[in-house]
Amino acid sequence: MIVGLYVLFFVEAITRYPTGYDGLHYHLPQAVHWMQTGSLDLMLGQMHRSLPDNAMLLPTLLSFAGLEKIITVFNAPNGVLLGATIWGLCRAVRLGPAASSVAACIALSVPVVVFQTFSSYVDLYATAAWLLSLLALVWACRVETRRQQLGLIVLAGLAGGVALGCKTTYLVLVFS
């Protein structure tokens with residue numbers, strides 16, 4: 001059922017106008033302005049909270065390429081990543097494959113997750129990155145070699161930085 005739900009929302013997303021307040025109202029307009037003028041055109045007061053964040057890199061590039069129609073599907077891989085990360089976290093705390101699959105399905109069936117998978121909101125992107133950093137930290141506690149542990153800690157830091165670069169509200173989550 002969840003696969004069918006996502007297929008339905010995917011088809012709907014590629015046949016409608018892009019949605020998502022974050023991207024359309026304050027992350028992408030500045031980048032589109034730069035594209036239209038062919039200049040960074042930095043003006044005092046115009047930049048406050050209006051720059052593309054980490055999550056808007058791909059939508060910005062899609063806008064520059066004239067592919068605005070598919071902006072709302074850029075988050076679809078993040079929905080898959082969120083489900084896989086939930087599954088991985090459940091497995092890392094020693095839940096069985098069936099229980100981990102149920103947890104991933106529950107996370108993927110939450111209405112706001114389904115909605116943001118096919119919109120230009122940045123919360124799903126940031127949440128998937130933050131949960132990935134938690135998964136890397138959990139795995140870092142379970143690996144055998146110092147080198148593996150260091151690599152996972154670096155991955156956790158990078159994923160936490162990506163989450164923080166999406167929204168300042170992740171400041172508390174990343175540093176806790």
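Hi everyone, let's begin with Glu12, which counts as partly exposed at 35% relative accessibility. Please keep in mind that this is a predicted model.

Who is the partner of Glu12? Glu12 forms a salt bridge with Arg16, and their closest N and O atoms are 2.8 Å apart. As a reminder, side chains of opposite charge can pair when their charged atoms come close. Now look at Arg16: at 15% relative accessibility it counts as buried, because the cut-off for that class is under 20%. The structure holds one salt bridge, so if you have found Glu12 and Arg16 on your screen, you have found the pair that forms it.

Next, the second largest pocket. Its volume is about 190 Å³. Which elements give two or more residues to its lining? Those are α1 (2-14), α4 and α5 (97-109). The most comes from α1, with four residues. Among the lining residues you can pick out Ile2, Val3, Tyr6 and Phe10, and also Gly79, Cys105 and Thr117.

Where does Leu67 sit? Leu67 is in the loop between α3 (57-64) and α4 (76-92). With a relative accessible area of 41%, Leu67 is partly exposed.

Methods
Residues numbered from 1 in each chain as written. Predicted model: local features only at pLDDT ≥ 70, side-chain atom pairs only at ≥ 80, totals over all residues. Heavy atoms only, no water. Buried < 20%, exposed > 50% of the residue type's maximum accessible area, 1.4 Å probe, protein only. 1 Å grid on protein atoms, 1.4 Å probe; cavity = no way out; pocket = protein on both sides within 12 Å on 5 of 7 lines; lining within 4 Å. Points joined across faces, edges and corners; volume = space filled by probe spheres on them. Salt bridge = Lys/Arg side-chain N within 4 Å of Asp/Glu carboxyl O.
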